[in-house]
Amino acid sequence: MDPVRMERRQILRFISAVILLTSPLLTSTLENGLARTPPMGWLAWERFRCNTDCVNDPDNCISERLFMQMADLLVSEGYAAAGYEYINVDDCWLAKTRDASGRLQADPERFPSGMKALGNYIHSKGLKFGIYEDYGNYTCAGYPGILGYLELDANTFAEWNVDYVKLDGCYSHPVDMDRGYPEFGYYLNRTGRPMLYSCSWPVYQIYSGIEPNYTSIKSSCNIWRNFDDIQDSWQSVQTIIDYYGENQDAIVPHAGPGHWNDPDMLIVGNFGLSYEQSKSQFALWAIWASPLLMSVDLRTIKPDYKAIIQNRKIIAVNQDILGIQGRRIYKDRGIEIWARPITPVVRSDFSYAIVFLNRRTDGTPSEVSVINRELGLTHEAGYIVEDLYTNKDYGILTPDDKITVDVNPSGCVMLRFTVASAFQKTRLPQNHIFGLSSNINQDHRQLPQRLQWLARFPNIARSLEGADQLKKREVSE
């Protein structure tokens, strides 16, 4: 080998060794005990953006008053009882400069009591307090970022009793994020205060043509964004659906208790989604084991939309302790089927949540009919089947039975298939029933190796072919 090249490699190895030995990451990883199931709460950004005009629009500007109102409503309107616990401040809460000591400070006119006082108010309601910053010189809206102040800002958040930190990625170099995001996570952990860590690390790297290192990301972050910001439209939701379907082999394996893919906020109850589309978004976010972070005006949301995001049965799917992210197992001519394995699990047979999604817009419902076995439902004792939106009880269906549903345009049908023998009178050995015993390891990697559904469904297309089985779905030319 060329001596110059050899010397260069030795120098690079030495530099790498020095970086590793001096890095705080060797002494700490993410494991903060948080987000064992996907976090649930309320986030300001999509609905209220960066409205700082409290003179002309005092009811909707980013201010302590707005967040206190949302905290009140989260409790009084039943959201907290359904599992929503975080009140998260997003961008534009800051003053334009740090204080004389270099510490972050809130805008004094819009947050006159300060952020610690706001956190105390949120905590007084039995809720948790989330805050926003940016791994850059500035936040996306131009307020002070954390670069140069990582340790100080982490300590400040701990002093303010923050429970959740969202770290954006504007005004920074994506190549630096592989070190910067873990480093800030280290400082958060070193404070001794548990703070859920939400990262925008992968999405900025994807934008820059860098392939994210998800092994490192899930070792540093509780949740992470990997696609575009959601907008208030069905088109925006559909681009997220496409991304999560087309990239599922790359992203699904990294989701699990303590670390989750984040497709962005729920926009149910705003202006851009119909009732059917709202049900579709909520169902898919549950299938994906996604954070459920509402961004809606809780003061004006209509009852039908409120009922969607308070649907306890669908929330239970989202919060399933196995933490396995679901996958798209079928897509053809506007019809998609998504499946997620959930508890209870008997021996090696999972229960499942299944979503039939109709992305057609031709004005008439589509009938979808499929044999259960072709959905990966092979438990010989059968499944107790229930529609999670209508509460329709299908009774017990066997693997060879056919399930038939009518799916409205841009809507969905969400069914739960619960292994029937999980409720038989004869008690099975504890190590044969997952999810029914409190001492079962919740890490899905410890489950029996029966996850063929993750790879392929070779016969599902045959089950769905034919006009007699999938009526009205021919695409109009």
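**Architecture and side-chain pairing in the predicted model**

The protein chain comprises 15 helices and 17 strands, where helices (H or I, at least four residues) and strands (E, at least two) are DSSP runs numbered from the N terminus. Residues are numbered from 1 along each chain as its sequence is written, and side-chain values use heavy atoms, with hydrogens and water left out.

Of the 477 residues in the protein chain, 56% are buried; buried denotes under 20% relative accessible area, exposed over 50%, and partly exposed in between (1.4 Å probe, protein chains only). The accessible surface of the protein chain amounts to about 20200 Å², with 50% belonging to carbon and sulfur atoms, as computed by the Shrake-Rupley method with a 1.4 Å probe, for which only the protein chains shown count as cover in the case of residues. Among contacts (heavy atoms within 4.5 Å) in the protein chain with a separation of 6 or more, 73% are between residues 24 or more positions apart.

Helix α7 (residues 177–190) has 14 residues and spans 19 Å from its first C-alpha to its last, close to the 20 Å expected at 1.5 Å a residue, the expected span being 1.5 Å times one less than the number of residues. This helix is mostly covered, with 10 of its 14 residues buried, among them Met177, Tyr181, Phe184 and Leu188. The cover over the buried residues of α7 includes helices α6 (150–159), α8 (201–207) and α9 (214–220), together with strands β4 (164–168) and β5 (196–199). After α7 comes Gly192, which has a positive phi near 85°.

Side chains of opposite charge can pair when their charged atoms come close. The structure holds 24 salt bridges, each defined as a side-chain nitrogen of Lys or Arg within 4 Å of a carboxyl oxygen of Asp or Glu. In one of these, Arg98 pairs with Asp153, and the closest N and O atoms are 2.8 Å apart. The pair links distant parts of the chain, since Arg98 belongs to the loop between β2 (86–88) and α5 (115–124) and Asp153 to helix α6, 55 residues apart. Both Arg98 and Asp153 are buried.

A salt bridge also joins the side chains of Asp242 and Arg359 (2.7 Å, N to O). Asp242 lies in helix α10 (residues 234–246) and Arg359 in the loop between β11 (349–358) and β12 (366–371), so the pair ties together parts that are 117 residues apart in sequence. Asp242 is partly exposed, at a relative accessible area of 21%, whereas Arg359 counts as buried at 17% relative accessibility. A further salt bridge is formed by the side chains of Asp249 and Arg327 (2.1 Å, N to O). Here Asp249 is in helix α11 (residues 248–251) and Arg327 in strand β9 (residues 327–332), so that parts 78 residues apart in sequence are tied together. Asp249 counts as exposed at 59% relative accessibility, while Arg327 is buried with a relative accessible area of 7%. Salt bridges that share partners join Asp242, Arg328, Glu336 and Arg359 into one network.

Strands β13 (residues 383–387) and β14 (residues 393–397) run antiparallel and are joined by 4 bridges, two strands being taken to pair if DSSP finds at least two bridges between them. The bridge partner of Tyr383 in β14 is Leu397. In this hairpin, which has 5 residues between the strands, Asn391 adopts a positive phi near 70°. Ile384 lies in strand β13 and counts as partly exposed, at 31% relative accessibility.

Most residues other than glycine have a negative phi, and most peptide bonds are trans. Cys92, although not a glycine, has a positive phi of about 80°; Cys92 lies in the loop between β2 and α5 and is buried, with a relative accessible area of 0%. Ser410, also a residue other than glycine, has a positive phi near 60° and is placed in the loop between β15 and β16, where Ser410 is buried with a relative accessible area of 7%. Pro409 is located in the loop between β15 (402–407) and β16 (412–419), and the C-alpha atoms of Pro409 and Arg360, 49 residues apart along the chain, are separated by 5.4 Å. The peptide bond from Thr343 to Pro344 is cis, with omega near -5°, and Pro344 lies in strand β10 (residues 335–346).
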